[in-house]
Amino acid sequence: MSDVETLRLAASALITAVEEHLAAVTEGTDPSAERETLLRALESYQDAVTSKTQTPPEPPEESDGGVLSILTRTDHHVEDFGQLVEAGRAAYRTIRPDAGEDEVRAEVPDVSRALYEILHVNDDQPPLPFPAAKPITGLIWFLSTREAMPTGLHDSLEDPFGVAGEADESLLYAHRHLYAETWRNGPPPP
C-alpha cells in the first residue's frame, strides 16, 4: 500500500471516529469508548502524515559507527506550580534527610531549583510520572548525527537542540504518544 493510500485510510478512519464521538456526546451517552477510538485514529493519522511528509534516511550500515542522538519531549499539565516546588523540596529532603525546614525552603525557593532537585534525586533523569504534573503527549526522535555534544562539564552549546534542524536528512525513527488514559475527560483548559 502506498503512503498516499495509507494517509487516505487514516483520514477516513479519523473522520468516522470524530462522527461517532460527536454522536455519543450529542446523544448524552458516555463517550469514553469513542474518545479512545478517536485518540487512536488521530495518532494513526499523524503517523501517516509524518511518513508521507518525511522521507527517512537510509539507515546506517550495521558495520558503520556514529552518533545516535535521542531527542525527547513530553508535555505535562501542571495545575499548581506550588505543588511542583513542594515536590522539589521533598526530593531535597530525600537527599538531605537531616535538613531542617528553614534549610529546605532556602535551598528550594522556586520552580527552577525544584526541577534541579527532582532531576538530582532521580540520577539526572526526568521521572515518569513527573511529580505534580500529568502527561499530555510525548515525542521521541532518533537521529543519526555528525558528532556528539562536547563532553566537558564546562562546555556549553549555543544551540543544544540544533540537531533537530537536520531531521529531514537524519531522522531514523520518530514516535509520538498520547496519554489518553490521563485525559479521559479531555485535555486541560488553556
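Colleague: How do the residues of the lining of the second largest pocket divide?

Modeller: The lining of the second largest pocket comprises eight nonpolar residues, seven polar and one charged. Here Ala, Val, Leu, Ile, Met, Phe, Trp, Tyr, Cys and Pro count as nonpolar, Asp, Glu, Lys and Arg as charged, and the others, Gly among them, as polar. Please note that the model is predicted: local features need pLDDT of at least 70, side-chain atom pairs count only at pLDDT 80 or more, and totals for chains, interfaces and linings use all residues. Residues are numbered from 1 along each chain as its sequence is written, and side-chain values use heavy atoms, with hydrogens and water left out.

Colleague: How much space lies in the second largest pocket, and which residues are the closest to its centre?

Modeller: A pocket is an open set of points on a 1 Å grid over the protein atoms alone, where a 1.4 Å probe fits, with protein on both sides within 12 Å along at least five of seven lines; lining residues have an atom within 4 Å of a point. Its volume is the space filled by probe spheres set on the points, which are joined across faces, edges and corners. In the second largest pocket this comes to about 370 Å³. Of its 16 lining residues, Thr-72, Arg-73, Thr-74, Pro-126 and Leu-128 are the closest to the centre. Strand β1 gives the most to this lining, four residues, while β1, α5 (111-121), β2 (134-145) and β3 (171-178) each supply at least two. Such helices (H or I, at least four residues) and strands (E, at least two) are DSSP runs, numbered from the N terminus.

Colleague: What lines the largest pocket?

Modeller: The largest pocket holds about 500 Å³ of space and has 19 lining residues, with Ser-69, Met-149, Leu-157, Pro-160 and Val-163 nearest its centre. Strand β1 (residues 67-77) provides the largest share of this lining, six residues. By class, the lining contains 11 nonpolar, four polar and four charged residues.

Colleague: In what order do the three strands form the open sheet?

Modeller: Two strands pair if DSSP finds at least two bridges between them. The order is β1-β2-β3, with antiparallel pairing. β1 and β3 are the edge strands, each pairing on one side only. For β2 and β3, the antiparallel pairing extends over seven bridges, and Phe-142 has Tyr-173 in β3 as its bridge partner.

Colleague: How many salt bridges does the structure hold?

Modeller: Side chains of opposite charge can pair when their charged atoms come close. The criterion is a side-chain nitrogen of Lys or Arg within 4 Å of a carboxyl oxygen of Asp or Glu. The structure holds seven such salt bridges. In one of them, Glu-103 meets Arg-96 at 3.4 Å, N to O. In another, Glu-107 meets Arg-113 at 3.9 Å, N to O. Salt bridges with shared partners also join Arg-93, Glu-101 and Arg-105 into one network.

Colleague: Where is the place of Glu-101, and how exposed is Glu-101?

Modeller: Glu-101 lies in helix α4 (residues 101-107). Exposure is read from relative accessible area: buried means under 20%, exposed over 50%, and partly exposed in between (1.4 Å probe, protein chains only). Glu-101 is partly exposed at 39%. Its side chain meets that of Arg-93 in a salt bridge of 3.1 Å, N to O, and Arg-93 is partly exposed at 30%.
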